[in-house]
Amino acid sequence: MSEKMWSNSGDSHFIEKPGLWHDFLPKAMADRMPRSERVNDDEEIIHVDGKTFTRALPKLSKKKDAQGRTIGDLVMAAPGARDLDLRMKDLDDEGIWAEIVFSSLGLWENLIEDRELIRAAARAENEYKATEIKGLAPDRLVPVATLPLLSVADAVAEVEHAASIGLHCIGLPTGVPDGVADYHRDDWEPLWAAAEATGMVLAIHIGSDNNGKDNVVYTGPGGAVLNYVETTYGGQKAATKLVASGALDRHPDLKVLVAEGGATWVPQLADRMDEAYRQHGMFVRPTLSRLPSEILFDQVYASFQHDRSAPAALTAMDYQNVMWGSDYPHLEGTYGHSQKTLHELFDDVAAEPSHRMRIGAFKELFPHVSDPPAA
Ligand code: MN
């Protein structure tokens, strides 16, 4: 086995244990929070505050790892998937040092239409994340704060609360809740200002559209691939809105991470946005102080897990904010084969860009994290 290759992860999750909400919310509120009901090997039903939707589960991999273990079985058995105490051993075994930690079921909290409920849940959940998750390894685990997005004022208040208890990033779903202004609208200006002022990174995880519809859009031939690819567009659209509306231009210290959506879309999107900005310039409002490509390349970071072309976004297209992510402990992630994947991706990449994609870009967003052990 070749030498251990450490990497930070721009895309990881904790899986809420059954009954987690009841640990920190009154029962009447906790009963309305997201839960999953497994219906068969292919699908689960998500219940959130009286709403339900079906979600396709990733196909379990039947492939074997280098030791002959079935990867799907290994992932199902990831000891730290729900047990935070075992999580650090998994990370050490896999060669993952610091990681951004998204929710799993919590990604659907923005289906909640009760402003009081989501405000109380976000506050309690962020306290849990700051103590129980970050507290486990403050120099390695970077949990993503939940925001109540039904009210801009509530969102701003929670950004300030989350920052005050030591959280470093806030989660934005790819789509806003129904009835709420979209991300390119000026309504959100106070949130962008608050995030910039508190140094909070905006973390956008693909597939987190508020209504769940971006998870099962297609049935029939090709459906699994169509649906997975569909989930990646939401992150690209959110980034486009933040650049085109001038939000990132007005807040040059505001940083955005689009997680699990690959990396080469960024140079491609940069070209499309510059083309629109120049060739349709007579229609463009607002005017930006920099080209869209410059804003996108400077302030938007993108994480990928297996994509063979992703390192070339940095080495061949000069997009510096490429970041690896494990998606631990999700089935579509790299658990059980992280070292193999890292070596395949980075063995042929020069030391400096390899370090940037594994370690440096992440540390730029979260300078407080420590460095992995020297190889
Ligand atoms: Mn993920």
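Is D11 buried or exposed? D11 counts as buried, because its relative accessibility is 1%. The model described here is predicted.

## The manganese site

Five protein residues supply donors to the manganese ion: D11 (OD), H13 (NE2), H205 (NE2), E260 (OE) and D327 (OD). These donors lie 2.1 to 2.2 Å from the ion. Along the chain, their spacing reads D-x1-H-x191-H-x54-E-x66-D. D11 and D327 link distant parts of the chain, 316 residues apart.

D11 belongs to strand 1 (residues 7-13). D327 sits in the loop between strand 11 (322-324) and helix 13 (338-346). D327 is buried, because its relative accessible area is 0% and the cut-off for buried is under 20%. D11, at 1%, is also buried.

## Salt bridges

How many salt bridges does the structure hold? The count is 21. Side chains of opposite charge can pair when their charged atoms come close.

Take D92 and R140. Their closest N and O atoms are 2.9 Å apart. D92 counts as partly exposed, at 29% relative accessibility. R140 counts as buried, at 7%.

## A bridge between helices 5 and 6

R115 and D154 form another salt bridge, 2.7 Å from N to O. R115 lies in helix 5 and D154 in helix 6, so this bridge ties together parts that are 39 residues apart in sequence. R115 counts as partly exposed, with 39% relative accessibility. D154 counts as buried, with 7%.

K363 is partly exposed, at 23% relative accessibility. D371 is partly exposed too, at 48%.

## Helix 6 against helix 7

Two packed helices are described by the angle between their axes and the distance between the axes. Helix 6 covers residues 152-164, and helix 7 covers residues 189-198. Their axes come within 9 Å and cross at roughly 5°. Why is helix 6 called roughly parallel to helix 7? Angles under 35 degrees count as roughly parallel, so the crossing angle makes helix 6 roughly parallel to helix 7.

Which residues meet in this contact? Helix 6 brings V152, A155, V156, V159, E160 and A163. Helix 7 brings P190, L191, A194, A195 and T198. By type, the residues of the contact are 9 nonpolar, 1 polar and 1 charged.

Most residues other than glycine have a negative phi, and most peptide bonds are trans. Some positions in this model depart from that pattern.

The peptide bond from R285 to P286 is cis, and its omega is near -10°. P286 is located in the loop between helix 10 (265-279) and helix 11 (292-299). The bond from Y328 to P329 is also cis, with omega near -5°. P329 is part of the loop between strand 11 and helix 13.

## Positive phi angles

Where is D318 found? D318 is in the loop between helix 12 (310-315) and strand 11. Its phi is near 60°, a positive value in a residue other than glycine. D318 counts as exposed, because its relative accessible area is 52% and the cut-off for exposed is over 50%.

D327 also has a positive phi, of about 60°, and is not a glycine. This brings the account back to the metal site, where D327 is a donor of the manganese ion through OD. D327 lies in the loop between strand 11 and helix 13, and P329 lies in that loop as well. D318 is exposed, at 52% relative accessible area, whereas D327 is buried, at 0%.

Definitions and conventions. Residues numbered from 1 in each chain as written. Predicted model: local features only at pLDDT ≥ 70, side-chain atom pairs only at ≥ 80, totals over all residues. Heavy atoms only, no water. Axes fitted to C-alpha atoms, helices over the stretch in contact; angles between N-to-C directions. Helix = DSSP H or I, 4+ residues; strand = E, 2+ residues; numbered from the N terminus. Parallel < 35°, antiparallel > 145°, perpendicular 65-115°, else oblique. Contact = heavy atoms within 4.5 Å. Nonpolar A, V, L, I, M, F, W, Y, C, P; charged D, E, K, R; others polar. Donors = N, O, S within 2.8 Å, 3.2 Å for Na, K, Ca; no water. Buried < 20%, exposed > 50% of the residue type's maximum accessible area, 1.4 Å probe, protein only. Salt bridge = Lys/Arg side-chain N within 4 Å of Asp/Glu carboxyl O.
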